[in-house]
Amino acid sequence: MAELSELTRHIESYVDTSRSPSEQVASLRAITSLLKKNLLPIEILVREMGLYLTSTDSVIRCRGILLLAESLDCLSSKPLDTSTIHSLIIFFADRLADWKALRGALVGCLALMRRKDGVGIVTISDALAVTKSYVHNLHVQSLAQHDRMLCFELLECLLENYPDAIVSVGNEIFYAICEAVDYEKDPQCLLVAFHIVELAMRLFPDLYGPSDGIVGEIFDTLGRYFPIHFTHPKGEDVDVTRDELSRALMFAFTSTPLFEPFAIPLLLEKLSSSLPLAKIDALKYLSHCTLKYGADRMEKHAVAIWSSLRNIVFSSSQEPVLSFDCESVDGIGFSDDDIAKEALTVLEKLFMQNSVLFLNLIVNDEDINLIFDNINSYMNFSNISLQSKRKIHGVGCILATAARSTVFSCNRIFESFFPCLMNTLGISILKPSDNMSPSGKHAVSGTLNFGALYLSVIVLEACRDLTVGSAQVASFPTHETFCCMLERFSASLARDFISYVGRGNETSMADVFLGVKGLQILATFPGSFLSMPESLLEYILTALVSIITENFQGTLSWNLALKALVNVGSYIEKYHESKKEISYMVVVEKIGSLLTAAKCMMPYSRKLEAVSEVGMSGRNYMLKVVPRLEEAIFTNLSDLYVNGYMGPAENTVRLLECYTNKVLPWINNSEGFDEVLHLFVINIWNQIECCKHFSTRTEEKDIFEATMKTMKFAVSNCSETSHNAIVQKAYAVVSSCHFFSWNESAVNHVEMRGLDISHELKLSIRDRWVLSLFASVIMAIHPQTRLPDVRATLWLFMEMLLKGHVPSAQALGSLVNKFGSKANGQSTLDEAMDIIFNTSISHADSAYGISMGIGDKSTMNLADLCFGASNSRLLQINAIVGLAWIGKGLLMRGHEKVKDIVMILLECLSSKGGRHLRQDSGQENCEQDVSSSVMTYVADAFHIMMSDSEVCLSRRYHANIRPLYKQRFFSTMMPMLQALIIKSDSLFQRSVLCRALAYIMSETPLVAVLGEAKKLTPVLLDALLMFSKDNLDKDTMYSLLLLLSGILTDKSSQEVVIENAHIIINCLTRMVSYPHMMLVRETALQCLVAMSMLPHSRIYPLRTQVLQAVSRALDDPKRSVRLQAVRCRQAWSSSPVTT
């Protein structure tokens, strides 16, 4: 047992108000630790605290009771016997009358009443005692916020855990609730208070609940808070949102049907409010109340509700009310009007709850009937007034909402309105076999009437949604009224929809949209519901295909028809409409044949769009489309290899880009295409293998790069098994080329025969393609893929990267990134690194007169080349670029060998371009230029290592990426580069070192850089000024500017910002006029706005300079920059005086 003297010391420390809060907390922890370890029984603690709990000194008594309460709160899982709990809860209940010690009493009551079964809980009789004491003694609104919160939490706990005790108190609890909640303004307290009302009202059913007077009083208290107005300042620390408060109040409103006489009139009143938020809240509450109050109670308000909802829908402020474009072909409605959408949601629930009543209101509504009576006056969309468009749209949405709600409602809508619409359009019953030629220019049976057409389409769409959205589509009886009417009119509707699209100049944009929309709706009715003849579906699909193939000059109709065709295909695939799929497959074949249809005059870009979009509408369709695309690719490439492809090069590039950017990503998210992609890649290699001489047309950069990208994407989407076969095939083709001079006996020596420094790479066109495509394959394979000959592959890429072939360097970086650390029948990473760094490289100079530069030695390794051992600037640069890509592969996987690469690069930076450059008299004049160029490439190597690459070494290409590798590299490199910058005595060398550090900073996550803001800010500003001199590094400059923006807005970096305010503002004012990138100018102005919040004494001397720079930005050609300039001028013209 604990020493009593020690316990007394802890008690006195807590009770003593002169002690610091940390000492008091330590004392509480010490006491609770003794209690938890059973070194101190709770009875002994109470006995020792007796004088503190009953002291006449209110301060001591308050602290003593709070200590006991806090101790119990920490013992929620410690078992206590019933008598102890009884004594403690009665004590705390009595203390509720002691307002000076109230907080401790509340905490103690809560600690005991929140205990769970198994560790001792408060009995019902004791809970009743707490409830009565609460009702009789507490005046909640006279307390401080924290104490009010405790009061609300205690009442909430009683309602949740001890409802029987609340019931025993009777109506008194409701008076206590009203008194506690009335005029409460704290959001945290209100959140609990609303929940209290909800719990209390649910606790009392109709027969045993409070009288009507009390219900009215309770709702009057609640109603004052609707709608929620959240006026707390943004800077105030409040963790309650307006949405949370509004939702809690809504649950309180719907907690009992007894609130119906009070709630519904209030909500209807708020629907006429001028505040949009109040209207939206009223509609949300009304929707919830409709479900909770029940049909019987809501019936008396039906007329008033209908009138309010109708007026909201008709008076929608959305402009334009009707939007007809290819994006909205999926649905018609209020896309941006939240109020109207909420009104329709309420209306849908009312239809589902009481269909007969509200359908009668619709059918007999004067405004709706007036629209139908005057339907012939809405012939042309462009001639209809805005007010009439709103009403037509509103009627359409109301009818659609009703038809979409239930089968009964759909029948009634069709019976009441559909015949009138058909008569207005002049549509008669037509058999599917009658004159069904979609390509013919037949006359329309009816009259073109926009109003009737629009209402017909929107009702048809609602009917379709009802059938598709139901989980029991197959159980719909086929004799339903709307089903029979649709079957009779479907053929006539399809014919007229087609005619609306094909009327030429007579048809407006709206009619084209509705015609295509109608065809899509008819084609996507469930086959088990609407018995549509196969000929009718084919008729519709053929019509859509005809629009695509014949009307390709009309942008709107073409896009709409394609979108509709894609939606039909997606529907068939999703709902497994096997009968319709047969007809749709014919469409897929027709669309796919466009690629090889020479007579079709459609632009090639549109052909590709149509083929790819239709293919992506479903897996089965893509399986049909991919062979067509691949056939086109093989044909174009084969023609390109042999004849130079007489067609436009753009077509081949577009074809490859379509396959790469649209089809392959879609395939990557689907299953069952591995064999297709495998054969595609193999066939490309087979083509190249068979063609021994390439035409000069293949040298075009766009075609070459597009083919490489397609190869990488296709290989990356294949499985590991396919990768092994692909690599075998690619290696076989590469090894047959004359440039592949691998000799197994030459184990430690690569001879660079005939290196011509006047050219990047002396290879034939075919060899360049083979080498680059092989490098693309290596970049995209899985790490587990087995290479046929690792050494030969490594040495091939080593030789080619030194000859300036960048894809070989990228492939080599990918290899070292993906090599395993353990042998598995292949070379390990350590062996690969030994080959790369320790291979001896000889450089014959007799043909070109190149000095070796290292005395009598005739061999060197990769590091020597980086240091300039060959005395060839081009070879040195190629070696540095290759080293950068190798370092990137190692860095991303977190391999320690990257340190060696970094040291080589740093030595190049610190030794003026290379330690082996000779300083003969013939070279003295050009030494500085050579050194400058090489050091710039060394700095750029850090950019390669840190930047995210789209061509290789990414997750897309299965790279090994260690988490936080950029942060670790930044932490390692920052002190090293900073030390070199400080020691540098050359202005150019210092600028190059700053460039290297800037590349690293710009690619490092902001969080890692902020911790070193004080050290890095000067370097960051130097780098910004350096990069602003040209447009070569504008992307890096923008990244650095974003980094500076993060520092300026970070509270922990304010000291360094204030310290460097003058330099920062000088830099930013120059960036405002940066001509090469709009984002740089815009971000610089945003940074200046942030600088305006610094202490006035620091920025006032620079105010004139900033305003002059901003005044020039006011005439910027880009609007976004001008807007930021206005904002910046306002901030600096009225910058606050802060200290």
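View 1. Ser273 is buried, at a relative accessible area of 19%; buried means under 20%, exposed over 50% and partly exposed in between, with a 1.4 Å probe and protein chains only. The model is predicted: local features need pLDDT of at least 70, side-chain atom pairs count only at pLDDT 80 or more, and totals for chains, interfaces and linings use all residues. Residues are numbered from 1 along each chain as its sequence is written, and side-chain values use heavy atoms, with hydrogens and water left out. Ser273 sits in the loop between α15 (260-270) and α16 (276-293). Helices (H or I, at least four residues) and strands (E, at least two) are DSSP runs, numbered from the N terminus. The Ser273 side chain reaches the backbone nitrogen of Leu275 at 3.0 Å. Such a polar contact is a pair of N or O atoms within 3.5 Å; within protein, one must be able to donate a hydrogen and the other to accept it, and residues adjacent in sequence count only if both atoms are side-chain atoms. Beyond neighbours within four places in sequence, Ser273 is in contact with Ala278 and Lys279. Contact means heavy atoms within 4.5 Å.

**View 2. Ser984, in the loop between α44 (965-983) and α45 (987-1002).** Ser984 counts as buried, because its relative accessibility is 17%. Its side chain reaches the backbone oxygen of Ser986 at 3.1 Å. Not counting residues up to four places away in sequence, Ser984 touches Gln989, Arg990 and Leu993. Ser984 and Ser910 are 74 residues apart in sequence, yet 8.0 Å apart in space, C-alpha to C-alpha.

**View 3. Phe740, in the loop between α35 (720-735) and β1 (749-752).** The residue counts as buried, since Phe740 has 14% relative accessibility. Leaving aside neighbours within four places in sequence, Phe740 contacts Tyr731, Val734, Ser735, Ala792 and Leu796. Asp767 is 27 residues from Phe740 in sequence; their C-alpha atoms are 9.7 Å apart.

**View 4. The second largest pocket.** This pocket holds about 560 Å³ of space. Its lining comprises 29 residues, and the closest to the centre are Val806, Val881, Trp885, Asp940 and Ile944. On a 1 Å grid over the protein atoms alone, a pocket is an open set of points with protein on both sides within 12 Å along at least five of seven lines; a cavity is a set where a 1.4 Å probe fits but cannot get out; lining residues have an atom within 4 Å of a point. Grid points are joined across faces, edges and corners, and a volume is the space filled by probe spheres set on the points. Helices α38 (806-818), α41 (873-893), α43 (927-946) and α48 (1034-1049) each supply at least two lining residues. The most come from α41, with eight. By class, the lining has 13 nonpolar, eight polar and eight charged residues. Ala, Val, Leu, Ile, Met, Phe, Trp, Tyr, Cys and Pro count as nonpolar; Asp, Glu, Lys and Arg as charged; the others, Gly among them, as polar.

**View 5. The largest cavity.** The structure holds three cavities of 30 Å³ or more. About 50 Å³ of space lies in the largest cavity. Tyr134, Val135, Leu138, Val140, Ala176, Glu179 and Ala180 form its lining. Two or more of these residues come from each of α8 (124-137) and α11 (172-181). The top contributor is α11, with three residues. The lining has six nonpolar residues, no polar ones and one charged.

View 6. Phe226 and Pro227 are joined by a cis peptide bond, with omega about -10 degrees. Pro227 is found in the loop between α13 (212-223) and α14 (242-253). Asn38 is not a glycine, but has a positive phi of about 60 degrees. Its loop runs between α2 (21-36) and α3 (42-48). Asn38 counts as exposed, because its relative accessibility is 58%. Tyr183, also not a glycine, has a positive phi of about 70 degrees. This tyrosine lies in the loop between α11 and α12 (187-203). At 57% relative accessibility, Tyr183 counts as exposed.

**View 7. The whole chain, for orientation.** The chain has 54 helices and three strands. Of its 1139 residues, 56% count as buried. Among contacts between residues at least 6 apart in sequence, 76% join residues at least 24 apart.
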